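Welcome! Please take a moment to look over the sequence and the model below before reading on.

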Amino acid sequence: MESAIERGQFVEDSDTIAASIDEAQDRLLNLAQQVKADDKRIILTHQDREIAAIISIEAFAFLERAIAQAEDESDLEDCQQILAQTQPGDWISLEELKKEIGLQ
């Protein structure tokens, strides 16, 4: 049986609203208000495919922070792996590096 999304109908559960692009275009202000007031998430569909989401600015900021933290953790893991593969004798001072690259 086809889901309501597959039939292009407006669907809502407790936290998420799914709507086709055409439906959302007609109801954009209402949907934006629901995102802001009721902390809803909007999933936009086009030709039976989920293509985008509308979320609150607070949820967006949270996701931005989470992505930055995940990137920082990944960078830290990379640095730890590199440090584990080097010996103290492999290191050079900042002054030596500046001389090597022509900054002194």
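## A strand to start with

How many of the six residues of strand β4 (residues 49–54) are buried? The number is zero, so β4 lies largely in the open. Here buried means under 20% relative accessible area, exposed means over 50%, and partly exposed is in between, with a 1.4 Å probe and protein chains only.

This is a predicted model, in which local features need pLDDT of at least 70 and side-chain atom pairs count only at pLDDT 80 or more, while totals for chains, interfaces and linings use all residues. Residues are numbered from 1 along each chain as its sequence is written, and side-chain values use heavy atoms, leaving out hydrogens and water.

## The overall plan

The protein has three helices and four strands, and from the N terminus on the elements run β-β-α-β-β-α-α. Helices (H or I, at least four residues) and strands (E, at least two) are DSSP runs, numbered from the N terminus.

Of the 104 residues, 14% count as buried. The protein exposes about 8,400 Å², with carbon and sulfur atoms supplying 53% of it; accessible areas come from the Shrake-Rupley method with a 1.4 Å probe, and for residues only the protein chains shown count as cover.

Strand β4 pairs with β3 in the antiparallel sense over five bridges. Two strands pair if DSSP finds at least two bridges between them. His46 has Arg49 in β4 as its bridge partner. The hairpin has two residues between the strands, and Gln47 takes a positive phi near 50° there.

## The nonpolar core

Six residues form the largest nonpolar core: Ile17, Ala24, Leu31, Val35, Ile42 and Leu44. Such a core is a set of buried Ala, Val, Leu, Ile, Met, Phe, Trp, Tyr and Cys residues joined through side-chain atoms within 4.5 Å. At least two residues of this core come from each of α1 (21–38) and β3 (41–46), and α1 gives the largest share, three residues.

Leaving aside residues up to four places away in sequence, Val35 touches Lys40, Ile42, Ile54, Ile55 and Ser56. Contact means heavy atoms within 4.5 Å.

## Ile92 and the surface

Which part of the protein holds Ile92? Ile92 is found in the loop between α2 (57–85) and α3 (94–100). Ile92 is partly exposed, with a relative accessible area of 43%.
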